[in-house]
Amino acid sequence: MKVLMDDKAIGRALTRISHEIIEKNKGVENVVILGIKTRGVPLANRIADKIKTFEGVEVPVGTIDITFYRDDLQKKTPQPVINNPLDFDVSGKDVILVDDVIYTGRTCRSAIEAVIDTGRPNKIQFASLIDRGHRELPLTPDYIGKNIPTSKNEVVRVKLLEVDGEDTVQII
């Protein structure tokens, strides 16, 4: 096991991602942030907090659960069950999806489907704390905290204070 990022490195990466979101979207007036369950949710909240500090604007934050959108899940019904009640409408909004690690791209694809089932956003962007490569789908994050080249045998473990009691990124 090797530690690749500590709490300070994670904080710096999220600060950079937050600034990039503001710049790319020319502000955040039309932006909503959706964290992909589980570790994408605290990351989404942290990014929203940083944006509020920098811009003075409170960006709506929600949670996307992709369980019923996974292509490796044997479905009990022909259509996925929408399990994503949001406190706001994504229609016409610039949606930022947030997750801890992008690997094959299948989680990102599932999250896009889940978002589209809740409304018709203006655009969807993707932020990932870690990009470890090995894509199986043609999806690339718009915002990346750190690129970590890995072998398929290695595991990248992200631990976050809100879920795991500490902030660290490890490779095993």
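Author: A residue counts as buried when its relative accessible area is under 20%, as exposed when that area is over 50%, and as partly exposed in between, using a 1.4 Å probe and protein chains only. The model is predicted, so local features need pLDDT of at least 70 and side-chain atom pairs count only at pLDDT 80 or more, while totals for chains, interfaces and linings use all residues. Residues are numbered from 1 along each chain as its sequence is written, and side-chain values use heavy atoms, with hydrogens and water left out.

Reader: Is Arg135 buried, partly exposed or exposed?

Author: Arg135 forms a salt bridge with Asp131, a salt bridge being a side-chain nitrogen of Lys or Arg within 4 Å of a carboxyl oxygen of Asp or Glu. Asp131 is buried, because its relative accessible area is 8%. Arg135 has a relative accessible area of 26%, and therefore Arg135 counts as partly exposed.

Reader: Which residues are joined with Arg46 into one network of salt bridges?

Author: The side chains of Arg46 and Asp167 meet in a salt bridge, at 2.8 Å from N to O. This pair links distant parts of the chain, with Arg46 in helix 2 and Asp167 in the loop between helix 4 and strand 8; helices (H or I, at least four residues) and strands (E, at least two) are DSSP runs, numbered from the N terminus. Arg46 counts as buried because its relative accessibility is 15%. Salt bridges that share partners join Arg46 into one network with Glu162 and Asp167.

Reader: How many Å apart are the end C-alpha atoms of helix 1?

Author: The expected span of a helix is 1.5 Å times one less than its number of residues. Helix 1 has 18 residues, so it should span 26 Å, and the distance between its end C-alpha atoms agrees, at 26 Å.

Reader: Is Glu58 buried or exposed?

Author: The side chain of Glu58 meets that of Lys52 in a salt bridge, at 3.1 Å from N to O. Lys52 counts as partly exposed because its relative accessibility is 41%. Glu58 has a relative accessible area of 62%, so Glu58 is exposed.
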